[in-house]
Amino acid sequence: MQLSLQTDYSLRSLMFLATHAGRRNVAEIALFFHISEGHVAKVINHLSRLGYVRSIRGVGGGVELARAPDQITIGEIVAAVE
């Protein structure tokens, strides 16, 4: 099975958030995976609309998982994003 770039970046972003405690920002995720901030921002926005991440704006804001990592499956993400 071949995944789209959006699905790949979605999975990477969720794995990053699951393994790094606390709020993170788009720039950290993009730097970690060496991908464009614009792509990560688009993916995070989509994941936020799907209810997988919570996006907090303003000072002290960032991105965090909306659910516990053990409550999210890879198959669920692939089906939702594809």
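## Around serine 13

Leaving aside neighbours within four places in sequence, serine 13 is in contact (heavy atoms within 4.5 Å) with Ile29, Phe33, Val40, Val43 and Ile44. This is a predicted model, where local features need pLDDT of at least 70 and side-chain atom pairs count only at pLDDT 80 or more, while totals for chains, interfaces and linings use all residues. Residues are numbered from 1 along each chain as its sequence is written, and side-chain values use heavy atoms, with hydrogens and water left out.

Serine 13 is found in helix H1, residues 5-19; helices (H or I, at least four residues) and strands (E, at least two) are DSSP runs, numbered from the N terminus. With a relative accessible area of 1%, serine 13 is buried (under 20%; exposed is over 50%, partly exposed in between, with a 1.4 Å probe and protein chains only). Its side chain reaches the backbone oxygen of tyrosine 9 at 2.8 Å.

## One face of H4

Helix H4 (residues 74-81) has Ile77, Val78 and Val81 as its buried residues. Seen down the axis of H4, these fall within an arc of 100°, so they line one face of the helix; the arc is that of the directions from the helix axis to the C-beta atoms. They pack against H1 and helix H3 (37-50).

## Aromatic rings

Let's turn to the rings. There are 3 aromatic pairs, counting rings of Phe, Tyr and Trp (its six-membered ring) with centres within 6.5 Å; planes under 30 degrees apart are stacked, over 60 edge-to-face and the rest tilted. Phenylalanine 16 and phenylalanine 33 have ring centres 6.3 Å apart and planes at 65°, so the pair is edge-to-face. Because phenylalanine 16 lies in H1 and phenylalanine 33 in helix H2 (residues 26-33), the pair ties together parts 17 residues apart in sequence.

Both phenylalanine 16 and phenylalanine 33 are buried. Phenylalanine 33 also pairs edge-to-face with phenylalanine 32, at 5.0 Å centre to centre and 85° between the planes. Phenylalanine 32 is partly exposed, at 47% relative accessible area.

## Salt bridges

The model holds 5 salt bridges (a side-chain nitrogen of Lys or Arg within 4 Å of a carboxyl oxygen of Asp or Glu). One of them joins arginine 23 and glutamate 64 at 3.4 Å, N to O. Arginine 23 lies in the loop between H1 and H2 and glutamate 64 in strand E2 (residues 62-65), so this pair ties together parts 41 residues apart in sequence. Arg23 and Glu64 also belong to a salt-bridge network with Arg54.

Key. A polar contact is a pair of N or O atoms within 3.5 Å; within protein, one must be able to donate a hydrogen and the other to accept it, and residues adjacent in sequence count only if both atoms are side-chain atoms.
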